[in-house]
Amino acid sequence: ITSNASAESACLILKHFPPHKKVDPRNSLGLSKAIFSLHASEALNRRGLRAAIGYAAWSQPKQGSWMLLEDLAGFEALQDVLVAIQGKERAAVLAKLAHFTRRMHLLGVAYRDFKPSNILLRYAAADDVEIALIDHDRNRFRGDEIRPGRARRDLAPLHAGLPAQVRASERMQA
């Protein structure tokens, strides 16, 4: 979807969450994945963690739900950036990701689908990296820090999904 409201085009993404059950009462009750994702993206951004901004969400019984959200133009998938760089640059990006993740857990966010394809980077140089998150329908928010066991479970899909080019020593250092 493109808007020509200004000289620059703003692109939006329409994400569909198909129903997983024949009857899903969440859609009728306003508790659909899309609406939950909209609230989760707002909660992440309020905490200072960059997430694609959600603009609207709605549900249709038996058809699922939809969310209209920001297209993060200029951001790339984490795994693509990590494969394209190496050495000190890769170490710096991994360190930035480690600090971001620690901050996320300190702020009480359990990101239950924390895998490389849900982490986007705007990468200009090793010292100029912005991290953004997508796909929020499994996030959980607490008023206090995420406990170490839950934090490790968050990190497992990240570790498993990193490309083979990221050596074990680089992962452990980060």
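Is Trp-66 buried or exposed in this predicted model? Trp-66 is buried, because its relative accessible area is 16% and the cut-off for a buried residue is under 20%.

**View 1. Trp-58 and Trp-66 form a stacked aromatic pair.** The structure holds 2 aromatic pairs. In the pair shown here, the ring centres of Trp-58 and Trp-66 lie 6.3 Å apart, and the angle between the ring planes is 15°, so the arrangement is stacked.

**View 2. Tyr-111 and Phe-114 form an edge-to-face pair.** The centres of the Tyr-111 and Phe-114 rings are 5.5 Å apart; their planes meet at 75°, so this pair is edge-to-face. Tyr-111 is buried, at 0% relative accessibility. Phe-114 is likewise buried, with a relative accessibility of 0%.

**View 3. Three strands build an open antiparallel sheet.** The order of the 3 strands is β5-β7-β8. Strands β5 (76-77) and β8 (128-133) stand at the edges; each has a single partner strand, so one side of each lacks a neighbour in the sheet. In general, strands of a sheet pair through backbone hydrogen bonds.

**View 4. Strand β5 pairs with β7.** The two strands run antiparallel and are joined by 2 bridges, with β7 covering residues 119-125. Glu-76 stands opposite Leu-121 of β7.

**View 5. Helix α4 packs on the sheet.** Helix α4 comprises residues 87-106 and touches both β7 and β8. The direction of helix α4 makes about 45° with that of β8.

Key: Residues are numbered from 1 along each chain as its sequence is written. This is a predicted model: local features need pLDDT of at least 70, side-chain atom pairs count only at pLDDT 80 or more; totals for chains, interfaces and linings use all residues. Side-chain values use heavy atoms; hydrogens and water are left out. Rings of Phe, Tyr and Trp (its six-membered ring) pair if their centres lie within 6.5 Å; planes under 30 degrees apart count as stacked, over 60 as edge-to-face and the rest as tilted. Buried means under 20% relative accessible area, exposed over 50%, partly exposed in between (1.4 Å probe, protein chains only). Two strands pair if DSSP finds at least two bridges between them. Helices (H or I, at least four residues) and strands (E, at least two) are DSSP runs, numbered from the N terminus. Contact means heavy atoms within 4.5 Å. Axes are lines fitted to C-alpha atoms, for helices over the stretch in contact, and angles run from 0 to 180 degrees between N-to-C directions.
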